[in-house]
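Here is a friendly walk through one protein model, written for someone who likes to look at the atoms while reading. Please keep the viewer open as you go.

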Amino acid sequence: METKNKKLIGVDLGGTTIKFAILTAAGEIQQKWSIRTNILDEGSHIVPDIVDSINHHIDLYKMSRDQFIGIGMGTPGTVNREKGTVIGAFNLNWKTLQPVKEQIEKGTGLKFALDNDANCAGLGERWKGAGNDGDDVAFITLGTGVGGGLIANRKLIHGVNGAGGEVGHIIVEPNGYQCTCGNHGCLEQYASATGVVHLAQDLAEEYEGDSKLKAMIDNGDEITSKIVFDLAKAHDYLANRVVDKVTYYLGLAAANISNTLNPEYMVIGGGVSAAGDFLLDRVQKNFEKFAFPTVRTSTKLKLAELGNDAGVIGAASLATQFEENAN
């Protein structure tokens, strides 16, 4: 069968939903759907649910197994790509080693490849989004945590033990906030959704002036990073001080990554990036302050373009390796 008509399946496994897509070999989404993630019973339902959902949809669309090149999946936790296993994905309740590849290949009869979820989102943005199919692209995702995917020469950087691209743990404030990783001052503690709120609470304590943000915090109202950015856009003084700090740390980290790798594009995505150009313009100013002269003029900062589809598109691209092996 001609490769041009062959399909890829992408799976983006998250703590609340599992997203699926059927794509062309060129990365265009043709069908997509999602199911709830059932993390009960130590996450033992997750893989069987994925297998059932894929099999069900292949039948539903009256497709045959030989139309597919393979399945790619992005997952939280520590991934062993060769063995196709995952460990330490706590938001999935996966406390022990999960033989994901073995179970999915057996259940679907299709070849299967696996990588970290932030890496997959980075691959998606490189291929079909803000990375413009470039060879060298760095990706930072700002969500509940801060993740990343670093692509050099069209390949993800994994490092010797899979920790390559852990940009959330670049130290931006020596001896700063304690991180869940045990270190102090990691980017994740300042630029994630939770980090933005932490900074807002600390700055509100020191701030004496007039501010809606301060009033909300003093009042015990629920604060989110979106509220902080919206208030900053509405010229709240304290909210703008928080955004100044967040964008300072992000610009510093973006410059450090770019000074090391000099990517064509440095792409910023994830929930916090929904603040758009208001965020990017201020990150850009700090980036220019810290970037090496050649990098300043050649690495372009961009907002992610694929939104929630980045993960499934990038995951599907993992399966293109099977097509190369077949030829």
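Which residue forms a salt bridge with Lys 101, and how far apart are the closest N and O atoms? The partner is Glu 105, and the closest N and O atoms are 3.4 Å apart.

## About the model

This is a predicted model, in which local features need pLDDT of at least 70 and side-chain atom pairs count only at pLDDT 80 or more, while totals for chains, interfaces and linings use all residues. Residues are numbered from 1 along each chain as its sequence is written, and side-chain values use heavy atoms, with hydrogens and water left out.

## Salt bridges

A salt bridge here is a side-chain nitrogen of Lys or Arg within 4 Å of a carboxyl oxygen of Asp or Glu. By that rule, the whole structure holds 13 salt bridges. Lys 101 and Glu 105 sit four residues apart in helix H3 (residues 100-108), which means about one helical turn separates them. Helices (H or I, at least four residues) and strands (E, at least two) are DSSP runs, numbered from the N terminus. Lys 101 is partly exposed at 22% relative accessible area, and Glu 105 is partly exposed at 25%. For these labels, buried means under 20% relative accessible area, exposed means over 50%, and partly exposed lies in between (1.4 Å probe, protein chains only).

Another pair is Arg 154 and Asp 135, whose closest N and O atoms are 2.8 Å apart. This pair links distant parts of the chain, 19 residues apart: Arg 154 is in the loop between strand S9 (146-152) and strand S10 (155-156), and Asp 135 is in the loop between H4 and strand S8 (137-142). Arg 154 is partly exposed at 38%, as is Asp 135 at 36%. Arg 282 and Asp 244 also form a salt bridge, with their closest N and O atoms 2.7 Å apart. Arg 282 lies in helix H10 (residues 277-290) and Asp 244 in helix H9 (residues 237-261), so the pair ties together parts that are 38 residues apart in sequence. Arg 282 is buried at 17%, whereas Asp 244 is partly exposed at 41%. Through shared partners, salt bridges join Arg 126, Asp 133, Asp 135 and Arg 154 into one network.

Is strand S4 (residues 68-75) largely enclosed or open? Eight of its eight residues are buried, so S4 is largely enclosed by the rest of the structure. Strands count as paired if DSSP finds at least two bridges between them. S4 pairs with strand S1 (residues 7-13) in the parallel sense over six bridges, and five bridges join S4 to strand S7 (residues 112-116), also in parallel. Ile 71 of S4 is the bridge partner of Ile 9 and stands opposite Phe 112 in S7.

## Helix H4

Ten of the twelve residues of H4 (residues 117-128) are buried, so this helix is largely enclosed by the rest of the structure. Among them are Cys 120, Leu 123, Arg 126 and Trp 127. At the start of H4, a side-chain oxygen of Asn 116 comes to within 2.9 Å of the backbone nitrogen of Ala 118.

## Helix H8

In helix H8 (residues 225-233), the buried residues are Ser 225, Val 228, Phe 229, Leu 231 and Ala 232. They cover an arc of only 160 degrees around the axis (taken from the directions from the helix axis to the C-beta atoms), which puts them on the same side of H8. Just after H8, His 235 has a positive phi of about 70 degrees.

Methods: Expected span 1.5 Å × (residues − 1). Polar contact = N/O pair within 3.5 Å; in protein donor to acceptor, adjacent residues only side chain to side chain.
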